Amino acid sequence: MHDVYSEHHGWVFGWLRKKLGCAHNAADVAQDTFLRILSSRDALLQASQSRGYIATTARNLLIDRARRQRLEKAYLEELALLALEHPGAPSAERIWETLDALEQICRLLDGLGSKPREAFLLHYLEGQPQAQVAEHLGISVRMVQKYLVQVLLHCQTLRDPS
């Protein structure tokens, strides 16, 4: 991967900088591009043989980023309208902090099975009791507890890989 990164990073960064008009955003997307390639052995093999594959990966990340930005913008506009109607609504800064926290949670939960992830979200984010989560997922309370421990251990391993 070091050779692929050394050989291709410069031109990917330059291409992204022209597309985005911002060196910081280009650096972020370039880094994400190589992380995505690194996470897949097949992709790493293709990337070492083709700049086109790297460019396609970067382009797909730009599309994902644009979609997320449009969604965030629409969400924030809707929240701003709600804030006008409801004076006690959270500030834009608080909303951004919440969105950032949700993105971090999504990254931490990446790679988990759907049931452990859903059990975690239902219990910790939606505040459902374990019995209700078990009923919703069609599993035992004991299995919910195992899933919650599994997710917490997974998150701890990602935060402290040593």
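**Exercise 1.** Which residues of the largest nonpolar core touch the most other members?

*Solution.* Start with the source. The model is predicted: local features need pLDDT of at least 70, side-chain atom pairs count only at pLDDT 80 or more, and totals for chains, interfaces and linings use all residues. Residues are numbered from 1 along each chain as its sequence is written, and side-chain values use heavy atoms, without hydrogens and water.

Next, the terms. A nonpolar core is a set of buried Ala, Val, Leu, Ile, Met, Phe, Trp, Tyr and Cys residues joined through side-chain atoms within 4.5 Å. Buried means under 20% relative accessible area, exposed over 50%, partly exposed in between (1.4 Å probe, protein chains only).

The largest core has 14 residues, and Leu109, Ala119, Val133, Val144 and Val151 touch the most other members. Two or more residues come from each of α6, α7 and α8 (141-159). The most come from α8, with five residues. Apart from this core lies another, of 12 residues, including Val4 and Phe34.

**Exercise 2.** Describe helix α6 (residues 114-125).

*Solution.* Helices are DSSP runs (H or I, at least four residues), numbered from the N terminus. Helix α6 has 12 residues. Its first and last C-alpha lie 15 Å apart, close to the 16 Å expected at 1.5 Å a residue. The expected span is 1.5 Å times one less than the number of residues. Pro116, Ala119, Phe120 and Leu122 are buried in α6. Glycine 127 follows, with a positive phi near 75°.

**Exercise 3.** Is glutamine 128 buried or exposed?

*Solution.* Glutamine 128 counts as buried because its relative accessibility is 15%. Glutamine 128 sits in the loop between α6 and α7 (130-137).
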